[in-house]
Amino acid sequence: MALPCWHACIGLGGNLGDVLASMVAALGAVHTLPGTRVVSVSSVYETAPVDASGPNFLNAVAVLATSLGPHELLRALQALELAQGRERAYRNAPRTLDLDLLCHGDALLDTPTLTLPHPRMAERAFVLQPLREALADLPTSPAAAGGCLPTLPGEAEQAKMACAQGIARQCGFPVNFRI
């Protein structure tokens, strides 16, 4: 019997230490989770902190194909954050690695531990820009790949948001996970 498979989008980021190395290591570990593979990764973007403090952040978005359920995937992502030295000193504290589950298939959740789709992603250029890029790289339609994405701002509004929030593309993601 085949396992169910969903597309899930995750945001990767951080602003302490060697963030790019942490993101590469984390995404490599995500790629080896049971029933999970990375199908698309955006470029890496730099942005000033939004609702946070500390140095600028590096951010990217990855699209996964996974048989893990939303809560199971979230627990795996949080374990990977801890393995990369993530500390949760206070809300929005500077961090070595942040792995946010943005959406998971068509899941609509609002629990104490997980809200899907991510409630603030449509307000954050550091999520929107790489999300659009990662979805555009897929051979299937973005709607099918993203599942239950909320209505996202149009390109003009997103460009204005990106300018206001100080986001800039830094480089392509340094590892290609396509097989």
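How far is the sulfur of C103 from the closest cysteine sulfur? The distance is 3.5 Å, to the sulfur of C9, and that is too far for a bond. A disulfide here is a pair of cysteine sulfur atoms within 2.5 Å. The structure holds zero of them.

A word on the ground rules. This is a predicted model, with local features needing pLDDT of at least 70 and side-chain atom pairs counting only at pLDDT 80 or more, while totals for chains, interfaces and linings use all residues. Residues are numbered from 1 along each chain as its sequence is written, and side-chain values use heavy atoms, leaving out hydrogens and water.

Back to the cysteines. C103 is buried, at a relative accessible area of 1%. C163 is exposed, at 66%. Buried means under 20% relative accessible area, exposed over 50%, and partly exposed in between, with a 1.4 Å probe and protein chains only. Across the protein, 46% of the 179 residues are buried.

Now the overall layout. There are five helices and eight strands. These are DSSP runs, numbered from the N terminus: helices are H or I with at least four residues, strands are E with at least two. Along the sequence the pattern reads β-α-β-β-β-α-β-β-β-α-α-α-β.

Next, the cores. In soluble globular proteins, nonpolar side chains tend to be buried together. A nonpolar core is a set of buried Ala, Val, Leu, Ile, Met, Phe, Trp, Tyr and Cys residues joined through side-chain atoms within 4.5 Å. The largest one has 28 residues, and I10, L27, V30 and L101 have the most contacts inside it. Elements giving it two or more residues include β1 (6-14), α1 (19-31) and β5 (98-104). A second, separate core has 20 residues, among them C9, C103, L138 and A162.

Take L101. Setting aside neighbours within four places in sequence, its contacts include A8, I10, L73, L114 and H118. Contact means heavy atoms within 4.5 Å.

What about charge pairs? We count one salt bridge, meaning a side-chain nitrogen of Lys or Arg within 4 Å of a carboxyl oxygen of Asp or Glu. D98 and R95 form it, at 3.1 Å, N to O. Both residues are buried.

Last, helix α3, residues 125-136. Its 12 residues should span 16 Å, and its end C-alpha atoms are 16 Å apart, which agrees. The expected span is 1.5 Å times one less than the number of residues. Its buried residues include F126, L128, P130 and L135.
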